[in-house]
Amino acid sequence: MKDMHDMNTSLLEVANLSVTLHTAKTSVQPVDNVSYSVKAGEVLAIVGESGSGKTIMNMAPLGLLPAGVDSEMSGSVRFEGQDLLSAGNGKLRQVRGGEIGVIFQDPLSALNPVRRIGRQIAEISERHLGLTTKQAEKKVAELLALVGLPDPLSRMQQFPHELSGGMRQRVGIAMSLAGEPKLLIADEPTTALDVTVQAQIVELLKDLQKRLRMAIVVITHDFGVVSGMANKVAVMYAGRLSELGSVDDVLLDPVHPYTRGLLKSVPSLDSEIGSEFIGLPGHPPDLSRRIDGCPFAPRCFAALESCREHRPPLLPVPHSAAARVVACPVVLNSHAEAV
Amino acid sequence: MTDPLLNIVDLKTYFRDTRTGQNIKACDGISLDINEGEIVGLVGESGCGKSTLGRTLVGLEDASGGEIRYGGENLLTMHGRKLHTTRRKIQYVFQDPLSSLSGRMTIGQAIEEALIINGERNAAARRARVVELLEAVSLPDQIAERYPREMSGGQRQRACIARSLAADPKVLICDEPVSSLDVSIRAQVMNLFLKLRDEFGLACLLIAHDLAIVRQAASRVYVMYLGRIMEEGESRALYGNPAHPYTQALLSAVPSTNPVEERDRQRILLKGDVPSPINPPSGCRFRGRCPIAQPVCETPPPTIAVDQFHVAACHFPGKLALAG
Amino acid sequence: MKDFISTLRAVGWPINLLIAFFIFITLFGSFITPYDPNAQDLMSALQSFSTRHWLGTDNLGRDTLSRLISGAQTTLVGVTIILAMAGTVGMVLGTISGFFGRWVDEVIMRLVDFGLSVPSLFVALAIVGVFGPSYWNMIIALSIAWVPIYARLTRGVVKAAVNQPHIESLRVLGASRTRIIVHHLIPVALGQVLIYASADAGLLALAIANLSFLGLGVQPPLAEWGQMLVSGMPYLQEAPRLVILPGVALTLMVVGFNLFGESIALAKNPRPLSKRKLALRRQLFMKEKAA
C-alpha cells in the first residue's frame, strides 16, 4: 500500500534504463539497466567516477548528447507519468528548460558569449511560461536576486565574460530556474569552482530547493556535495547501480565494497598527517566489452569466484529502510550475519 | 639547521595586461623554503598566483624580481650551461597528464627523449634506465610500448613523473597533480610522492586547492591569497590552530563526507569576490573580504608567530571566532 | 599507415580514384601518350574523334589526348614544385614567428599580412611582369605569392602548440630550441600544411592555367591546359572540343583536389553514422553481447 502511494507521487520514475552509444569505431553501453525514482521535493545525488555513466544517464533521455554520437535507449523514463523516451523532439524541447531545468558543469559553455545575460534568461521564461517581454524582464531581475547576485538590474545588461566563475554559476542556476521547473538536474554544479565558492553554491541550491519545493538530481563525484545537500544517494559503477539509499545510511554505513572504497579514498581533515593515502586498486572496466559478472569484481577485496560469473542483483539490505538496495550478495550475506 | 635546498626570497612575477598596459601582480613578494626530502604544500584558490609561482620556479614564466636560490646560488642571475644544468634539478608535474605527453610518442620514447636531453648517449643504457624509471613509479615495463591515450589517468600521471625523474631532479614542483584524476586512483599518485621522498630524498612542492590532500602529504604548508603568503607553518600546527581569517574560512569550507556533521556545521561564508591582482588592496590583501577587518588593516600586516611552529601575516591572528 | 587508410576511406572512393588517376598520368604519362604531344602533322590538322586520334587533333595536327596527358604532367609537376617551395619557406617563417613571438612575430606577420591582402594572382602577375614570362619565372612567382598563406597557417599551429603542456614539459626538461622545433613543432605543422596543400593544389592548377592563358606562364610548344584553351579559341566554331576538353580536365582537377583536401580535413571530425553503418554497429554489438 505504501509502495503504491510512493509510485503515485514520484516525479521522475526511471525503470530499467539502458543507453547504448554507437560511434564509427565502437559501441559502448554506459548505462546498463538502471532503475530509480525521485519524489517531488527530494534531492537525489548520483555519485560515480568518470565513465560511470552518471551524466549520460541523465542527459540522454533529455536529448542532450554531443554531436556525432548515436544513442539507443531502452526501458522507460517517466516524468509526471509521461515517458520521455517515446516523446517527440517537440515535447522534449518543451520539458527541457521548462519543467525540467538543467545546470551544467561549465556555466560558460551554457551561455551565449555575445548576448546580454538578462535577455538570455528572459527568453526562456517567454518561451516556457508565455510571459511578455516586460513580465519576463521583471522575472529575470527576481531570479538574479534569488540566486544572490548583487545589483541584478545592472547585471542583466552584462555579458557572460564579465562575471567571475561563482557569479557565472549563479547565472547558470538562475537560467535553469527561468522555466519554473519541478525538477532540476545539476551536472557537477560545483566541480569548476573553488572550495569557498563551492560552499556558497551548495548553500544556495539547498535554500532554493526548500523555497521553490523543487526536486533536484545532482550528478557529482564529490561526496562533500552529496553529504551537503542530498536526501538520497545512488552510487554508480561502470554503468550500473551499485548502491541506493538514504544519504545517512549510505554515507555513514556503506555496504557495497565500491562505496566503501570510494568513501575511504576521500582524504579528510581528520586523517593522520604523513600517512599513506587509501585508494582502490586497478581501474574501471572497458565498457565496450561485455561484462559477465560484477563489474567491480577485479578491484574488490570481497570478490568470490561466483562474482565474475553472474551479474549481482540489486537486493534490499536487511534490517534497513525499505528503499535501500545494494548489488552485492556477498557483502549482504555477511552484513546480515553481523547485524 | 642546514640551509634549505630551494630558498625563494621575495619573488615577484608580474604580467603585462596588453589592454591597459598595467602590471598584473600574480606573485607579489613570495618567500618560501623547501628542504631536501621534504613535501611542502602550497594552497589557495584559483587565481591566487600559486600556479604562477610554480611556473616561475621552473622557468616557464620570467620572474620580475626577488631570488630563487638552489643550493645557495641564485638561479635568476645564472647563465648559460650552469643555469641549464641547475634548472634541470627542479622538475615540474602538470595537472593534466594527457596533454603534457606527446600523443605521437610511446611512453618509452618520451622517457628516452628526456634521457637524451639529459645527455645519455648510449642507447642500451637508455633503455635499461627507462625500465628502472618505470619501476620507480610502479609501472610494468610493457607500458613503455603504449601511447598515452591507451593508458588510464593514474598510469599517465605516473608516466609523466617517471619522465621528470629522467632529469635526476632534487625537487618536483607538482601543480594540482591529482585534481584531474578520479578519487579512487588519486592515492596511487599521492603515495608515489611519499615513496619518492622516502627512497630518493626527493623534495616536493605540492600546489593544490584540496586542503585535505595537502594536509595529509605535506609536513609544512603555505597559504596563498592574491599573490601573497597569508599563513605558513607545520601542517599539524597550521591545520590544528589556523590563525589567519582566510585560512579559517578556507578550512571551514572543506566539506565532510559525514552528512550529520555537514548539516549542523558553521561556515565562514566570505563576501564578494577576489579583487583584481592589477590593483590589489593596500595593506592586508584580504581586508576587503575579511569578517574582522579594522582600519589598521590598511597598513601592511606584521608577520606574527602564532605558536612555535607557525606564523601568520595578520594584524589580528586568531581573533576570528567561529560562531557556535 | 592505418590512419592514412582510414582517412582515405573517409574521403570516399570517387575522389580517391580521380586523384590517383591524376597522379598516375603525371608519373607515367610519357609512356602512355599515343603520340609525341609536340609532333606536328599539318596533314591531319583539326581532325575530330577517330580511332587514330581518340580525342582528335588541334590546328597543328597534334594529338589532343597526348597533349591533355602531357598538360596534366606540366601542371602537376609545377604545382608540386610550387607547393614544396612555398610550403617550406612558409613553414620556416611561420615556425620562427610562432616560436619566438614578440618583435620577430610582429615583423614577419606584418609582411605576411601585406602578402595576404594582395590577391596572390596579382603578386604573381607583377613578378612575371617584371622578370618576363617563362616557365621558371612563373613557378618562382607563384611560390612567392603562396608563401604568406603557409606562413600564417604554420604560425597558428605552432603558436597553439608552444603553450601546450607537452612542449612546456620539454622546456622544463632542458630540451634545446632546435630539438623542440625540429622534433615536435615541425611534425605537427607539417600535418596541417599537407592537409591544406592537398586542397590548395587545385587552386594552384587554376593559377598556372590562368597565367598560361594570359601568355605569362608556360610557353609554347610545351603542352599546358591554359595554353590549349587559348590556342583552341579561334576554332571555337568548327572544333569546340579544343576548348571544352582542356576546360573539363582543368575543372576536374580543381574540384577534385578541393574535395580531396576538404574531406581529409573533415575526416578528423566525428560525424553521425549513416543508417547503414548504424545498423551494422548495432548488429555487431548484439553479437558481442550474446557471445
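The centres of domain 1 of chain B and domain 2 of chain B, taken over C-alpha atoms, lie 29 Å apart; the domain bounds come from an automatic or database domain assignment. This is a predicted model, in which local features need pLDDT of at least 70, side-chain atom pairs count only at pLDDT 80 or more, and totals for chains, interfaces and linings use all residues. Residues are numbered from 1 along each chain as its sequence is written, chains are lettered from A and ligands numbered from 1 in the order in which they are written, and side-chain values use heavy atoms, with hydrogens and water left out.

**The two domains of chain B**

- Domain 1 of chain B covers 6–89 + 169–313, and domain 2 covers 100–168.
- About 1,200 Å² is buried between these two domains, with carbon and sulfur atoms giving 64%; buried area is the accessible area (1.4 Å probe) that two parts lose on being put together, summed over both.
- On the side of domain 1 of chain B, Arg88(B), Pro169(B) and Leu192(B) lose the most area to domain 2 of chain B, together 39% of what that side buries.
- Helix 6 (residues 183–200) of chain B gives the most to the side of domain 1 that touches domain 2, with 8 residues; helices (H or I, at least four residues) and strands (E, at least two) are DSSP runs, numbered from the N terminus.

**The interface of chain B and chain C**

- In this interface, 24 residues of chain B are in contact with 16 residues of chain C, where contact means heavy atoms within 4.5 Å.
- Arg104(B), Glu113(B) and Ile117(B) are the residues of chain B that lose the most area to chain C, together 30% of what that side buries.
- Between them, chain B and chain C bury about 1,600 Å², 57% of it on carbon and sulfur atoms.
- There are 2 salt bridges between chain B and chain C.
- Glu168(C) forms a salt bridge with Arg55(B), and the closest N and O atoms are 2.6 Å apart.
- Strand 6 (90–93), helix 3 (107–117) and helix 5 (153–165) of chain B each supply at least two residues of the side that touches chain C.
- Helix 3 of chain B gives the most to that side, with 4 residues.

**Salt bridges within chains and beyond**

- Over all chains, the structure holds 37 salt bridges.
- Lys54(A) and Glu188(A) meet through their side chains in a salt bridge (3.7 Å, N to O).
- Lys54(A) lies in helix 2 (residues 54–59) of chain A and Glu188(A) in the loop between strand 7 (183–187) and helix 9 (195–212), so this pair ties together parts that are 134 residues apart in sequence.
- Lys54(A) is buried at 7% relative accessibility; buried means under 20% relative accessible area, exposed over 50%, and partly exposed in between (1.4 Å probe, protein chains only).
- Glu188(A) is also buried, with a relative accessible area of 7%.
- Arg285(B) and Asp28(B) form a salt bridge through their side chains (2.6 Å, N to O).
- Arg285(B) lies in the loop between helix 10 (259–263) and strand 11 (303–307) of chain B and Asp28(B) in strand 2 (residues 23–34), so the pair ties together parts that are 257 residues apart in sequence.
- Both Arg285(B) and Asp28(B) are buried.
- A network of salt bridges links Glu203(A), Glu262(B), Arg265(B) and Arg267(B).

Conventions:
Salt bridge = Lys/Arg side-chain N within 4 Å of Asp/Glu carboxyl O.
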